[in-house]
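Here is a short briefing to read with the structure open beside you. It takes the contacts with DNA and then the salt bridges.

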Protein chains: 2
Amino acid sequence: MGDVYKALADPTRRLILDELAERDGQSLFELCGRLAMRHDVTSSRQAITQHIAVLEEAGLVSVRRSGRTRIHHLHTEPLREIVERWLTARED
Amino acid sequence: MGDVYKALADPTRRLILDELAERDGQSLFELCGRLAMRHDVTSSRQAITQHIAVLEEAGLVSVRRSGRTRIHHLHTEPLREIVERWLTARED
DNA sequence: ATCATATGCAAGTAACTACTTGCATATCAA
DNA sequence: TTGATATGCAAGTAGTTACTTGCATATGAT
């Protein structure tokens, strides 16, 4: 399993999470389009694919195939690790 | 102001935050020692200094001088951005 | 003043990361 | 099948990052 923190380190990847948070279940094509239109992401489709792969390895995004289309879903659970690590008072 | 996400991307920097979370107000020397002893961090003092600089730019650590000693303090507030960005339901 | 302690600065390097380009594959419709 | 759509794979490259080494500075104690 990949590194959640490293996955968040790139601004484009964070925008991908933003996009999926606003509209879950987008295809790759849809994502690329909306990232370009609404967030001024000029990267190529391949670049986006590679970013999504990193997010997937971190457990933040899951991919499901439907015909010739990839559908992407957001999973925020891995982010809770951050909260629990430093934002929660611990008793030891 | 630096990037909180990039600051968290490095495992050694996260251990520094862990250390300060457990014992706030450590000096550089103290930090280096405890990182080596308790977390098997083999990096040089300079490496640690550079990591702290990144954490400082991200607002996660503040440094105060006391004589020939640097005292480090943890600040978790910047981490709340992460929570509010994806872990909080938004209404728009 | 002298010496050890605690830290600062800077250049160099190896590894990693994001990105691109070019081509390949697969699905759907007509 | 043929063509267009949607995505996959892989090699190459520029820029970044973490790290080290060597030397400099500054504080505190004797």
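A polar contact here is a pair of N or O atoms within 3.5 Å. With that in mind, a phosphate oxygen of DNA strand C sits 3.0 Å from an N or O atom in the side chain of Arg70(B). Please keep in mind that this is a predicted model.

- A base is reached by Arg68(A), whose side chain has an N or O atom 3.1 Å from a base oxygen of DNA strand C.
- Looking at the atoms of DNA strand C within 4 Å of the protein, 65% are sugar or phosphate atoms, and the rest belong to bases.

**The protein surface near DNA strand C**

- There are 22 residues around DNA strand C, and those that come nearest are Arg13(A), Ser44(A), Gln50(A), His51(A) and Phe29(B).
- By type, the residues of this surface are 11 polar, 8 charged and 3 nonpolar.
- Both chains supply elements with at least two residues each: helices H2 (11-22) and H4 (45-57) from chain A, and helices H3 (28-39) and H4 (45-57) plus strand E3 (69-74) from chain B.
- H4(A) gives the most, with 4 residues.

**A salt bridge between the chains**

- Over all chains, the structure holds 12 salt bridges.
- One of them pairs Arg14(A) with Asp3(B), with their closest N and O atoms 3.1 Å apart.
- Arg14(A) lies in helix H2 of chain A and Asp3(B) in the segment before helix H1 (4-8) of chain B, so this pair joins two chains.
- Arg14(A) counts as buried at 8% relative accessibility, while Asp3(B), at 25%, counts as partly exposed.

**Salt bridges within a chain**

- In chain A, the side chains of Glu19(A) and Arg38(A) form a salt bridge, with 3.2 Å from N to O.
- Because Glu19(A) is in helix H2 and Arg38(A) in helix H3 of chain A, the pair ties together parts that are 19 residues apart in sequence.
- Glu19(A) is buried at 0% relative accessibility, whereas Arg38(A) is partly exposed at 42%.
- In chain B, Arg38(B) and Glu22(B) form a salt bridge whose closest N and O atoms are 2.9 Å apart.
- Arg38(B) lies in helix H3 and Glu22(B) in helix H2 of chain B, so the pair ties together parts that are 16 residues apart in sequence.
- Back in chain A, salt bridges with shared partners join Glu19(A), Glu22(A), Arg34(A) and Arg38(A) into one network.

Note on methods. Residues numbered from 1 in each chain as written. Chains lettered and ligands numbered in written order. Predicted model: local features only at pLDDT ≥ 70, side-chain atom pairs only at ≥ 80, totals over all residues. Heavy atoms only, no water. Near = heavy atom within 4 Å. Polar contact = N/O pair within 3.5 Å; in protein donor to acceptor, adjacent residues only side chain to side chain. Nonpolar A, V, L, I, M, F, W, Y, C, P; charged D, E, K, R; others polar. Salt bridge = Lys/Arg side-chain N within 4 Å of Asp/Glu carboxyl O. Buried < 20%, exposed > 50% of the residue type's maximum accessible area, 1.4 Å probe, protein only.
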